[in-house]
Amino acid sequence: MVRALQLARKAHYTTSPNPRVGCVLVKDGDIVGEGYHIKAGDGHAEVNAIAQAGVNAQGATAYVTLEPCSHFGRTPPCAQGLIDAGVSRVIAAMVDPNPQVSGRGLALLEQAGIQCASGLLESDARTLNPGFIKLMTEKMPYVRCKLAASLDGKTAMASGESQWITSKDARQDVQRLRAQSCAVISGADAVIYDQARMTVRWSELGVLKNSYQESELRQPLRVLIDSKNRLTPDLKLFSETSPILIISTEVESLHTWPHFVEQAVVAKSACGQYVDLTEVLVLLASKGLNDVLVESGRQLAGAFIEQGLVDELILYQAPKLIGDSGQGLMLMPEVQRLSQAKNLTFSDVTMVGRDLKITALLS
């Protein structure tokens with residue numbers, strides 16, 4: 001199962017929005033076949049492992065990080081593939097949270113006389129696919145919010161100058177965050193004033209380029225929240241043709257947008273001034289987008305966190321001091337008392353180049 005988990009991690013940047021899954025076939029103590037789900041629409045992990053094993057799959061034990069699927073999607077059901085291959089036993093790390101599958105894959109295997117069990121290294125398997133699990137269980141995407149600041153929590157000078165507070169290494173790490181995401185959300189300010197492109201740039205991926213071809217990595221959907229309809233087609237963002245979704249509270253009909261731009265209208269927030277962010281996430285979930293990165297200015301980032309819509313915070317802190325005249329990390333005007341502060345649980349603290357990277361879960 002450890003090897004199956006290693007294989008699944010190889011698809012960290014390629015298989016989304018499908019789950020990352022690895023499979024290993026073992027016979028007489030030897031690995032006879034292994035595989036992982038590389039990209040949505042391509043063969044699943046079990047199919048690839050069976051293809052490698054050939055006739056040796058007969059009588060083998062299959063170790064798979066997620067319960068084999070039992071339904072027809074873009075590919076045939078993997079449970080039936082394992083039955084046809086003649087495996088004698090299937091060990092799944094976790095039961096599939098997808099209501100279309102949940103337990104049905106293992107039941108189908110057992111009906112065919114194949115011994116089944118689940119729960120081996122389940123916690124490790126669950127960390128592979130937080131977005132997939134949340135979408136299946138809560139019908140909402142898993143939301144990460146990325147922020148970058150000086151050591152004293154400033155994201156820019158009073159003038160707005162911010163390039164660059166963090167190092168090249170941190171910026172490369174952010175590119176990898178984008179590459180693993182189904183969608184990147186930003187606000188109009190980042191596009192208008194910072195000329196943000198919100199794309200994965202191959203030239204800036206650092207060591208990741210050693211493991212993947214440029215063609216293997218797909219661009220996330222670029223989601224722009226434009227409450228006041230300020231975006232125009234001449235912005236730098238629209239010079240790159242990866243898909244864009246513009247979200248506002250009313251359709252802007254004054255512009256002719258490029259073919260890769262989609263517009264969506266959602267309800268206004270309770271205050272009546274901005275887009276309802278919960279509705280934005282519901283919309284993305286309806287599109288099957290389960291792993292979302294919020295990469296925006298302090299107002300939008302603060303709103304997502306203040307409204308309890310962020311699962312994971314990723315903060316890069318540079319060894320710089322800017323002083324109290326600098327711009328703060330985020331705006332959360334409703335937090336007026338210490339008892340209202342958002343509580344975090346640190347899950348990882350590491351160095352990225354000369355910067356500190358803090359990953360924390362919001363409770």
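What percentage of the 363 residues in the protein chain is buried? Buried residues make up 51% of them; buried means under 20% relative accessible area, exposed over 50%, and partly exposed in between, with a 1.4 Å probe and protein chains only. This is a predicted model, in which local features need pLDDT of at least 70, side-chain atom pairs count only at pLDDT 80 or more, and totals for chains, interfaces and linings use all residues. Residues are numbered from 1 along each chain as its sequence is written, and side-chain values use heavy atoms, with hydrogens and water left out.

**Fold and shape**
- The protein chain has 10 helices and 16 strands. These are DSSP runs numbered from the N terminus: helices are H or I with at least four residues, strands are E with at least two.
- Along the principal axes, the C-alpha atoms fill a box of roughly 70 × 45 × 45 Å.
- Of the contacts with a separation of 6 or more, 68% join residues 24 or more positions apart. Contact means heavy atoms within 4.5 Å.

**Surface and charge**
- The protein chain exposes about 16900 Å², and carbon and sulfur atoms supply 50% of that area. Areas come from the Shrake-Rupley method with a 1.4 Å probe; for residues, only the protein chains shown count as cover.
- There are 35 positive and 38 negative charges, and their mean positions are 3 Å apart. Lys and Arg count as positive, Asp and Glu as negative; His and the chain ends are not counted. Each charge is placed at NZ of Lys, CZ of Arg, CG of Asp or CD of Glu.

**Cysteines**
- The structure holds zero disulfides, a disulfide being a pair of cysteine sulfur atoms within 2.5 Å.
- Cysteine 78 is in no disulfide; its nearest cysteine sulfur, in cysteine 69, is 3.7 Å away. Cysteine 78 is buried, at 2% relative accessible area.
- Cysteine 182 has its closest cysteine sulfur in cysteine 145, 17 Å away and too far for a bond. Cysteine 182 is also buried, at 7% relative accessibility.

**Isoleucine 192**
- Isoleucine 192 lies in helix 8, residues 188–192. Its relative accessible area is 22%, so it is partly exposed.
- Beyond neighbours within four places in sequence, isoleucine 192 contacts Arg230, Leu231 and Leu235.
- Leucine 235 is 43 residues from isoleucine 192 along the chain, yet their C-alpha atoms are separated by 7.1 Å.
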